[in-house]
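Subject: The structure for you to look at

Hello,

I am handing over the structure we talked about, and below it you will find what came out of going through it. Please keep the picture open while you read.

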Amino acid sequence: MGKTFWMLVTTQENLDITRSRGFSMQGVDTKNRKKAVRMGPEDRVLYYVSDKKGFAATATVTSDSFEDEERIWKHHREKEVFPHRVELNADVVLDEPDYIDGFGRIHCDCRGSGYPRSLFDLRFKCGTNHECASYDNFL
């Protein structure tokens, strides 16, 4: 498949976990399984950190999706282990002071958001994995 663009909404804590693992793997929660299984080699991932309201990193997927039950990331639902996973390589990783303001980059054009500009932040609270048309000129 390849070259689908995904915006992954995460917390600073979970981004730090992914960073500590060298951005080698990313998990997607159970609620977003249908999207996660569509992820594959050459797809691109844009990380949005919800508690910082900024874009922090981009990565390229290097594997087909697979399932793994090892608990790596944190979730408010104790049973959630983000079992739908892909391997990846980091492209751009910013330090926290350098995150790109999410409100200044609304043109990411994520499909199915259904939210007007005034409620932009809600789009990032209603799911962790969003398919985007593109973000090549984003960072």
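This is a predicted model: local features need pLDDT of at least 70, side-chain atom pairs count only at pLDDT 80 or more; totals for chains, interfaces and linings use all residues.

**Salt bridges**

One of the salt bridges is formed by glutamate 13 and lysine 74, whose closest N and O atoms are 3.6 Å apart.

Another salt bridge joins aspartate 68 to arginine 85, and here the closest N and O atoms are 3.9 Å apart. Aspartate 68 is in the loop between β5 and β6, while arginine 85 is in strand β6, so that this pair, too, links distant parts of the chain, 17 residues apart. Aspartate 68 is partly exposed at 26% relative accessibility, whereas arginine 85 is buried, because its relative accessible area of 1% is under 20%.

A further salt bridge is the one between glutamate 80 and arginine 77, with 2.9 Å between the closest N and O atoms. Glutamate 80 counts as buried at 3% relative accessibility, while arginine 77, at 37%, counts as partly exposed.

In soluble globular proteins, nonpolar side chains tend to be buried together. The largest nonpolar core in this model has 24 residues, and the members that touch the most others are Leu15, Met39 and Tyr47. Strands β1 (5-10), β3 (44-49), β4 (54-61) and β6 (84-93) each supply at least two residues of this core. Apart from it lies another core, which has five residues, including Ile17, Met25, Ile72 and Phe82.

Tyrosine 47 is buried, with a relative accessible area of 1%. Leaving aside residues up to four places away in sequence, tyrosine 47 touches a number of residues, among them Leu8, Leu15, Phe23, Phe55 and Leu88.

**Aromatic pairs**

The structure holds three aromatic pairs, and two of them are described here. In the pair of phenylalanine 23 and tyrosine 47, the ring centres are 5.4 Å apart and the planes stand at 85 degrees, so the pair is edge-to-face. Phenylalanine 23 lies in the loop between α1 (12-20) and β2 (25-28), and tyrosine 47 lies in strand β3, so the pair ties together parts that are 24 residues apart in sequence. Phenylalanine 23 counts as buried at 3% relative accessibility.

The rings of tryptophan 73 and phenylalanine 82 have their centres 6.1 Å apart and their planes at 70 degrees, which means that this pair is edge-to-face as well. Tryptophan 73 is buried at 2% relative accessibility, and phenylalanine 82 is buried with a relative accessible area of 8%.

Where is phenylalanine 82 found? Phenylalanine 82 is in the loop between β5 (66-67) and β6, and its C-alpha is 6.2 Å in space from that of threonine 30, although the two residues are 52 apart in sequence. Not counting residues up to four places away in sequence, phenylalanine 82 touches several residues, including Asn14, Val28, Asp68, Trp73 and Lys74.

Best wishes

Key. Residues are numbered from 1 along each chain as its sequence is written. Side-chain values use heavy atoms; hydrogens and water are left out. A nonpolar core is a set of buried Ala, Val, Leu, Ile, Met, Phe, Trp, Tyr and Cys residues joined through side-chain atoms within 4.5 Å. Buried means under 20% relative accessible area, exposed over 50%, partly exposed in between (1.4 Å probe, protein chains only). Helices (H or I, at least four residues) and strands (E, at least two) are DSSP runs, numbered from the N terminus. Contact means heavy atoms within 4.5 Å. Rings of Phe, Tyr and Trp (its six-membered ring) pair if their centres lie within 6.5 Å; planes under 30 degrees apart count as stacked, over 60 as edge-to-face and the rest as tilted. A salt bridge is a side-chain nitrogen of Lys or Arg within 4 Å of a carboxyl oxygen of Asp or Glu.
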